[in-house]
Structure formats: C-alpha cells, structure tokens
Amino acid sequence: MGPGENTLALLVNKAISIVLSISYATYGERLAQGTLGPLVADRPCPVRGCRSRLALTGKKAERGAVFPEGRSFHYDRIVVAVARCRASGGKRHWHRVLPAGLSHGKVFAVFCVEAVVSECVRKNRSLRGAVGVFDGEAPHYTTLHGWIGGLGRYALMRDAPEEGLPFGALLAQSRRQGLPEAEAIFRKPVRISPERYRSEARREVMAAAAGLLAAARAVAPRVPFPFAAWVSRAAGFDLVAPVRWWARTDGTRIRHRVGPPGTLHSRPKARSP
Ligand SMILES: [Zn+2]
C-alpha cells in the first residue's frame with residue numbers, strides 16, 4: 001500500500017530536499033516535459049546512514065517560495081517533483097526535488113537572502129535600511145538579523161545543519177572542481193562599521209558573512225547573485241549534502257519569539273489585497 005497524500009506530505013516535509021543545479025525556469029520546463037528523472041537518478045540518498053540511491057517518482061509536492069524581481073520580492077506556491085530512495089524494508093526516504101536557489105525548509109530563495117544581507121554587510125545599511133530597499137514580500141528586519149548571524153556562523157563553521165555541506169568542504173570541493181580560489185578572499189579582514197554592532201561576537205559574524213559574499217564574487221564574478229550561483233554550482237558537485245545554514249541570532253540579541261531552526265521568521269507576511 002502506498003502512502004496516502006497526507007502521509008506523503010508528512011514524509012516529504014521531514015526529509016531533506018534534493019537541490020538540482022538548474023534554474024527555476026529550466027526546472028519548470030523539464031518538470032513539464034517529464035525530463036527531470038536523469039538529473040535525480042542514482043544520486044545518493046542524503047539521509048544520514050542510508051546508502052541507497054534515489055529515483056524520481058511520479059508524485060508532486062507543493063511549497064512556497066519567495067523570489068526577487070528587481071527590488072521586489074514575490075511569494076509563489078510552486079509545484080516540485082518528489083524523489084524516493086530505494087532502501088528496502090519500509091525505510092524509504094522521500095525528498096522534494098528543488099531548483100537551484102531554493103533550500104530545504106526555507107521559503108526565501110538564496111537570491112533574496114544574498115541581496116538583503118549584502119545591503120547590510122557590504123553597503124553598510126542598518127537592518128531596517130537594508131530590508132527597506134526591497135518591497136513586496138521583503139523580510140522583517142529581525143529575520144535579516146538571523147540571516148546574517150546564520151550565514152556568518154556557517155562561514156565560521158560554528159553552526160551548520162547535520163545534512164549540509166560545511167563551508168570548509170564547500171571551499172575544498174570548489175577548489176577541486178577548478179573554481180576560482182575563494183578561501184584567501186574569505187580570509188581577508190572586512191571592516192564593519194561600529195554603529196552596526198554592539199558586541200564583538202556580532203561584529204565577527206557580520207564580517208564573516210561579508211567575507212563569504214566577497215569569496216562568492218571571486219567564484220562567480222559578473223552575475224547578479226554570486227553566492228546563489230556558488231551554491232548552485234555546489235549542487236552539481238554530485239555530493240550527498242547540499243549547502244545549508246541555519247538562520248540564528250547571536251551576540252547582540254533582538255528579543256522576539258523564534259520558530260525551530262531553519263524556519264526562523266521565514267514565512268512572509270500575507271499579501272495585502
Ligand atoms: Zn534513503
């Protein structure tokens with residue numbers, strides 16, 4: 001007996017998503033043509049301890065996604081393919097298959113995260129000023145606080161999801177794949193304006209987030225979203241784990257209720273009519 005739709009939704013929500021190295025537009029075409037299968041076939045199952053390989057199923061799942069269009073962020077419900085590993089004994093794992101730019105459990109696409117974080121750590125805007133650059137479904141400024149903390153801590157290798165590719169491994173794999181050297185650029189000191197932080201811990205993660213974006217520009221110069229491009233390239237490295245990071249606050253706290261890691265304030269506010 002196959003799982004019912006609700007059971008499937010539950011299983012797919014729990015399992016880590018597979019991210020492909022193709023754009024949302026290409027993904028949509030291939031989904032419509034039924035030609036996504038070869039991109040998924042025989043990839044290793046990302047569930048820890050599972051040595052099985054994946055295959056695309058005929059099932060689809062729906063999820064929310066926020067994409068940028070210029071300086072405006074738009075929320076969409078999108079349909080994604082579902083893959084399943086071939087492990088036997090009722091232990092099969094179900095995974096959503098995502099286009100480049102989306103990540104497991106996050107509504108905002110990497111492009112959005114990169115664009116807003118960049119306004120703050122590179123262009124020296126305040127949290128409120130940085131989110132104010134964008135309209136539509138722009139994140140709340142406390143969300144941006146978490147994004148910077150999460151990216152910075154990811155770059156400092158202090159905090160990353162278990163099923164993710166650590167930043168050190170991303171650097172090493174990028175080197176092996178012949179991408180431009182990024183580590184030396186990441187290590188260059190970045191000055192963060194003192195009015196942007198109130199603790200050394202916060203300054204450190206902001207500088208690390210800025211260093212990460214600078215390294216990304218070395219890896220993928222002349223594209224609008226170099227970090228998203230880097231993450232997308234990494235999705236094509238044929239590794240088990242995708243690039244993932246938590247969104248967490250650190251150092252100087254902004255007091256507010258937070259959800260579980262990875263979903264911190266990631267739901268955009270409802271569209272106004
Ligand atoms: Zn599996």
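At what angle do helix α4 and helix α6 pack, and how far apart are their axes? In this predicted model, α4 (residues 110-121) meets α6 (residues 141-155) at about 90 degrees, with the axes 10 Å apart. Axes here are lines fitted to C-alpha atoms, for helices over the stretch in contact, and angles run from 0 to 180 degrees between N-to-C directions. That makes α4 roughly perpendicular to α6, a label for angles of 65 to 115 degrees. On the α4 side, the contact takes in Val-113, Val-116, Val-117, Cys-120 and Val-121, and these meet Leu-144, Trp-147, Ile-148 and Leu-151 of α6; a contact puts two C-beta atoms, placed from the backbone, within 7 Å. The residues split into nine nonpolar, no polar and no charged (Ala, Val, Leu, Ile, Met, Phe, Trp, Tyr, Cys and Pro count as nonpolar, Asp, Glu, Lys and Arg as charged, the others, Gly among them, as polar).

Numbering starts from 1 along each chain as its sequence is written. Since this is a predicted model, local features need pLDDT of at least 70 and side-chain atom pairs count only at pLDDT 80 or more, while totals for chains, interfaces and linings use all residues.

Overall, the protein has 10 helices and five strands, taken as DSSP runs numbered from the N terminus (H or I, at least four residues, for helices; E, at least two, for strands). Of its 273 residues, 42% are buried, that is, with 20 or more other C-beta atoms within 10 Å of their own; exposed means 12 or fewer, and partly exposed in between, with C-beta atoms placed from the backbone. Mean pLDDT, the predictor's confidence in each residue from 0 to 100, is 85, and 84% of residues reach 70 or more. Residues 250-273 stay under 50.

Turning to the strands, β2 (residues 54-69) and β3 (residues 72-85) pair antiparallel over 13 bridges; pairing takes at least two DSSP bridges. Val-66 sits opposite Tyr-75 in β3. Two residues separate the strands of this hairpin, and Gly-70 has a positive phi near 65 degrees.

Most residues other than glycine have a negative phi. Asp-42 lies in the loop between α3 (37-40) and β2 and is exposed, with 10 other C-beta atoms within 10 Å. Asn-124 also goes positive, at about 60 degrees, in the loop between α4 and α5 (127-132).

Note on methods:
Angles under 35 degrees count as roughly parallel, over 145 as roughly antiparallel, 65 to 115 as roughly perpendicular and the rest as oblique.
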